[in-house]
Amino acid sequence: MIAPIFKKLAKEVGSKAVFVKVDTNAMYELSSRYGVRSLPTFKFFLGGRKVHEFSGAGEGQLRDLTNRIISKSENENILLSKDSLISYYTEKDATKSEEDITKVYKKCVDQVKDDNPNKECVGGVARNLVKSLKKKYGDGPELVKRFEPEEPKAEGDESSTESSGGSNKKAQPNKGKSGQPNLHLATKEELQAELEKRLDAEEDAKVEEEEDDDAEFEHSWSPGDFPERVTIIGGGPAGLSAAIYAARAGLKPVVVAPPMGGQLQGKGVDVENYPGLFNVTGPAVVSLMRNQAIEFGAVFEAETVIGLDTSTRPIKVKTNSSTIETHSVIVATGAESNWLDVPGEYELRGGGVSSCATCDGHMYRNKHVLVVGGGDTAMEDALVLARTSDSVTVIHRRDTFRASKVLAQRVMEHPSINVKWNTVLTEVLGKESDAVDAQESEEGEDVDLDAPVAKVVSGAMLKDVYTGEVSKMDADAVFVAIGHTPSTSFLEGVVEFNPDHAGYVLNQGTSTRTSVAGIFACGDVSGKSAFAMFLPLIYPSFHILTYVMITSLSMKCGT
């Protein structure tokens with residue numbers, strides 16, 4: 001009985017959206033084209049593209065998606081003209097030449113991904129540009145509607161208004177003692193200006209609230225009367241994979257991790273080396289994993305763990321502001337890449353400086369790259385990069401590699417790899433990027449088009465450790481491969497560590513168990529791949545086939 005609701009909603013919405021009812025029997029080709037498998041099916045289109053779809057008679061979902069797409073269309077129905085931008089800069093910043101303003105406007109136009117035949121700055125990109133200018137100069141250039149609704153005017157609407165008097169009067173501001181307009185004395189123009197000002201303020205507040213990730217997770221977990229079954233320390237792929245499977249098993253896990261941090265969370269470039277993921281950034285992947293875990297009942301505590309107390313049972317997980325009692329703990333805090341801490345290194349991360357050749361090496365096909373390090377990781381990175389890059393130069397501070405003999409020999413014999421012995425990298429050099437920053441603006445991301453152009457790696461300064469001679473080497477990327485440091489300091493004195501690899505947790509055999517009953521480790525802190533093997537210890541009735549399936553799907557407990 002959704003048809004009456006459909007008609008009612010169409011009447012309520014009016015001209016804000018077009019509602020179309022299709023008879024799939026009479027127009028069967030549409031059913032095939034749009035993959036309709038059940039009735040009723042609702043499909044939502046914006047700008048000629050399908051953006052939402054669902055099947056079933058759900059009034060709440062129908063209203064929610066309708067309101068959402070209308071709101072999005074209204075937010076995108078804006079236009080910033082080049083003349084308006086020039087007039088604005090003329091008033092606010094006389095140092096900007098017309099050429100500089102044209103560059104800013106072109107960046108806005110180039111980021112509009114929808115159909116834009118007139119090459120105009122429109123939609124979410126225009127709104128983000130105006131927002132950044134407001135923050136910088138106090139107010140922004142004038143925006144106008146890109147499309148106006150074609151609605152018939154009621155007879156005598158304008159004439160009666162004009163003839164009622166005051167058409168020749170000049171609008172004068174009516175201010176009260178506080179400087180705020182007296183709305184009961186205000187003209188129509190003043191009311192409109194005040195309304196637009198308040199709507200802008202509400203929109204900015206709404207965007208800031210949606211972007212506040214800390215508030216979303218800070219108070220998700222609250223202490224209960226009983227200890228938790230499973231507490232997972234770490235919010236990266238390993239920890240969130242464990243959270244998803246534990247939640248699906250009915251264990252209601254608590255994930256303890258700061259809302260920001262981790263290698264994948266800090267990876268601003270696209271994740272392209274995992275099956276099924278394409279054109280998506282690291283933070284977006286983490287966000288999807290969080291949402292999936294939440295969907296099945298996982299809760300989050302946005303804190304950093306500072307220690308574990310295993311002297312009594314249940315285990316106590318201590319954070320900066322709370323203590324969580326739990327029967328079992330999964331440690332998935334990962335390992336952080338070590339960096340050189342030289343000038344230019346931090347600023348150019350994501351612009352050519354990387355610690356993962358497997359992740360980012362493909363972007364430097366047929367280019368010259370540098371690899372810093374002398375261990376197995378550096379050798380592996382150099383060999384991986386040599387497959388696609390034009391040339392690879394390994395920078396090492398000693399006269400021999402610390403890597404295994406086999407890997408070192410392969411590197412030294414490779415025709416595309418050169419080695420600079422007894423040399424250290426002292427600075428990473430950069431230049432302005434020629435490419436347009438193609439950040440996604442459709443979802444309302446705050447892109448500052450007025451900001452300086454992003455920089456990319458152009459080379460590095462090298463220094464001979466014996467002679468002190470300094471030289472410059474051109475390069476398109478610098479890969480730092482000087483090892484990792486596991487994030488396991490809070491486990492010191494609690495579990496045993498691997499004697500051969502400092503800081504890494506020692507697992508028992510091929511399982512994820514550690515030296516302490518009830519504490520498990522997976523991902524980069526241990527290197528073990530058997531996720532979910534903790535489940536038999538808690539719920540022995542689980543079928544063995546379930547373990548095999550979970551282990552095979554959990555991708556090294558998520559990594």
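Helices (H or I, at least four residues) and strands (E, at least two) are DSSP runs, numbered from the N terminus. Axes are lines fitted to C-alpha atoms, for helices over the stretch in contact, and angles run from 0 to 180 degrees between N-to-C directions. The model described here is predicted, with local features needing pLDDT of at least 70 and side-chain atom pairs counting only at pLDDT 80 or more, while totals for chains, interfaces and linings use all residues. Residues are numbered from 1 along each chain as its sequence is written, and side-chain values use heavy atoms, with hydrogens and water left out.

**A helix pair**

Two packed helices are described by the angle between their axes and the distance between the axes. Helix H5 covers residues 98-111 and helix H6 covers residues 123-137; their axes lie 8 Å apart, at an angle of about 145°. H5 and H6 cross in the right-handed sense (left-handed if the near helix is turned anticlockwise from the far one by less than a right angle, right-handed if clockwise). From H5, the contact (heavy atoms within 4.5 Å) takes in Val104, Cys108 and Gln111, and from H6 it takes in Val125, Ala126 and Leu129. Sorted by class, this contact of H5 with H6 holds 5 nonpolar residues, 1 polar residue and no charged residues. Here Ala, Val, Leu, Ile, Met, Phe, Trp, Tyr, Cys and Pro count as nonpolar, Asp, Glu, Lys and Arg as charged, and the others, Gly among them, as polar.

**Strands and sheets**

Two strands pair if DSSP finds at least two bridges between them. An open sheet of 3 strands runs in the order E4-E3-E5 with antiparallel pairing. Its edge strands, E4 (121-122) and E5 (144-145), each pair on one side only. Within this sheet, Leu79 has Val122 of E4 as its bridge partner.

Another open sheet of 3 strands has the order E17-E18-E19, and its pairing is antiparallel. The edge strands are E17 (423-432) and E19 (470-474), each pairing on one side only. On average, neighbouring strands of this sheet are turned by 30° against each other, direction ignored. Glu427 has its bridge partner in E18, namely Met461.

Strands E9 and E10 are joined by a hairpin through 5 residues. Across this pair, the bridge partner of Leu308 is Val317 in E10.

| Strand pair | Residues given | Sense | Bridges |
|---|---|---|---|
| E3 and E4 | E3: residues 78-80 | antiparallel | 2 bridges |
| E9 and E10 | E9: residues 305-309; E10: residues 315-319 | antiparallel | 4 bridges |
| E17 and E18 | E18: residues 455-464 | antiparallel | 9 bridges |
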